[in-house]
Structure formats: C-alpha cells, structure tokens
Amino acid sequence: FKMAGGVDDWKTVEKRQLIIRRIGEAVRAFPDVLSRTPNEVEEAIFVRAKTKDDYMNTVGKVLLSIKQKGQNQMMPSSGMHHGGNMMGSQQPVGNGMMGGPMM
C-alpha cells in the first residue's frame with residue numbers, strides 16, 4: 001500500500017482521512033473484527049508512528065490483520081470455538097411429529 005507525495009504528507013488531514021476510509025472499508029467487510037472505530041485505530045497508529053514508512057507499514061499490517069481475522073471468523077468451527085453452538089442447534093427427538101398434532 002503506497003501513498004505518493006512528500007516526506008511529511010502522510011500527516012495531512014486528507015491523507016489520514018484516506019487511511020480511515022480504507023480501515024472503514026475493511027471493517028465493513030468484516031464488522032466483528034475490531035472493537036474500536038476506524039478513527040480510533042488510525043489515531044493509535046498515527047500517534048505511535050515516527051516516520052511515513054512506519055505509519056504505512058503499520059496501516060498495512062492492521063488491514064491484513066482485519067482481513068485475516070474476518071476470514072477466520074467465516075470458516076466453520078468445530079462448535080467448541082463459539083461456546084458449543086453445535087449443541088444448541090440440535091432438535092429434540094420426537095418433537096411432536098409422530099404422535100399426532102401438538103396442542
């Protein structure tokens with residue numbers, strides 16, 4: 001992920017808004033991945049970054065992490081990962097279909 005421009009252009013409001021939009025797009029694709037808003041995520045990255053390369057590398061890592069975590073959530077689990085959901089989806093045996101109508 002590259003941003004064209006000068007050495008300190010990554011600090012401008014316009015460039016930061018671009019990054020916030022990119023993080024927002026990733027979060028919309030996988031909404032349950034982050035507990036913070038895109039603005040909060042970008043702000044944390046910006047505050048810690050010392051250089052443009054540091055900022056952009058961290059943004060790239062965050063975007064990749066969002067994508068990977070989102071894809072992992074979409075994969076079927078064994079039931080143990082999500083609190084045993086498989087047990088909750090089982091129907092009881094003989095749920096009124098064999099002994100006539102239930103009232």
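**Exercise 1. Locate R16 and determine whether this residue is buried or exposed.**

*Solution.* R16 is situated in helix 1, where helices (H or I, at least four residues) and strands (E, at least two) are DSSP runs numbered from the N terminus. The structure is a predicted model, in which local features need pLDDT of at least 70 and side-chain atom pairs count only at pLDDT 80 or more, while totals for chains, interfaces and linings use all residues. Residues are numbered from 1 along each chain as its sequence is written, and side-chain values use heavy atoms, with hydrogens and water left out.

Step 1: Buried means under 20% relative accessible area, exposed over 50%, and partly exposed in between (1.4 Å probe, protein chains only).
Step 2: apply them. R16 has a relative accessibility of 16% and therefore counts as buried.
Step 3: list the neighbours. With residues up to four places away in sequence not counted, R16 touches W10, K11, E42, E43, F46 and Y55; contact means heavy atoms within 4.5 Å.

**Exercise 2. Identify which residues of helix 1 are buried and where they lie around the axis.**

*Solution.* Step 1: check the geometry. Helix 1 comprises 17 residues and spans 24 Å from its first C-alpha to its last, close to the 24 Å expected at 1.5 Å a residue; the expected span is 1.5 Å times one less than the number of residues.
Step 1: collect the buried set. In helix 1 these are R16, I19, I20, I23, G24, A26 and V27.
Step 2: The buried residues of helix 1 fall within an arc of 160 degrees, so they line one face of the helix; the arc is that of the directions from the helix axis to the C-beta atoms. An α-helix has 3.6 residues a turn, so residues three or four places apart point the same way.
Step 3: inspect the other face. Turned away from the buried side of helix 1 are the exposed residues E14 and R28.
Step 4: identify the cover. Helix 2 and helix 3 are among the elements covering the buried residues of helix 1.

**Exercise 3. Describe how helix 1 and helix 2 are placed relative to each other.**

*Solution.* Step 1: take the axes, which are lines fitted to C-alpha atoms, for helices over the stretch in contact, with angles from 0 to 180 degrees between N-to-C directions. Those of helix 1 and helix 2 come within 9 Å and cross at roughly 130 degrees.
Step 1: classify the angle. Helix 1 and helix 2 are therefore oblique to each other; angles under 35 degrees count as roughly parallel, over 145 as roughly antiparallel, 65 to 115 as roughly perpendicular and the rest as oblique.
Step 2: list the contact residues. Helix 1 contributes R16, I19, I20, I23 and G24, and helix 2 contributes P38, N39, V41, E42, E43 and F46.
Step 3: consider Q17, also in helix 1. Q17 is partly exposed, with a relative accessible area of 35%, and its C-alpha atom is separated by 8.6 Å from that of N39, 22 residues apart along the chain.

**Exercise 4. State which residues of helix 2 are buried and what covers them.**

*Solution.* Step 1: in helix 2 (residues 38–48), the buried residues are P38, V41, E42, A44, I45 and F46.
Step 1: their cover includes helix 1 (13–29) and helix 3 (52–74).
Step 2: examine the second packing. The axes of helix 2 and helix 3 are 9 Å apart, at an angle of about 145 degrees. V41, E42, I45, F46 and R48 of helix 2 meet D54, Y55, T58, V59 and V62 of helix 3 in this contact.
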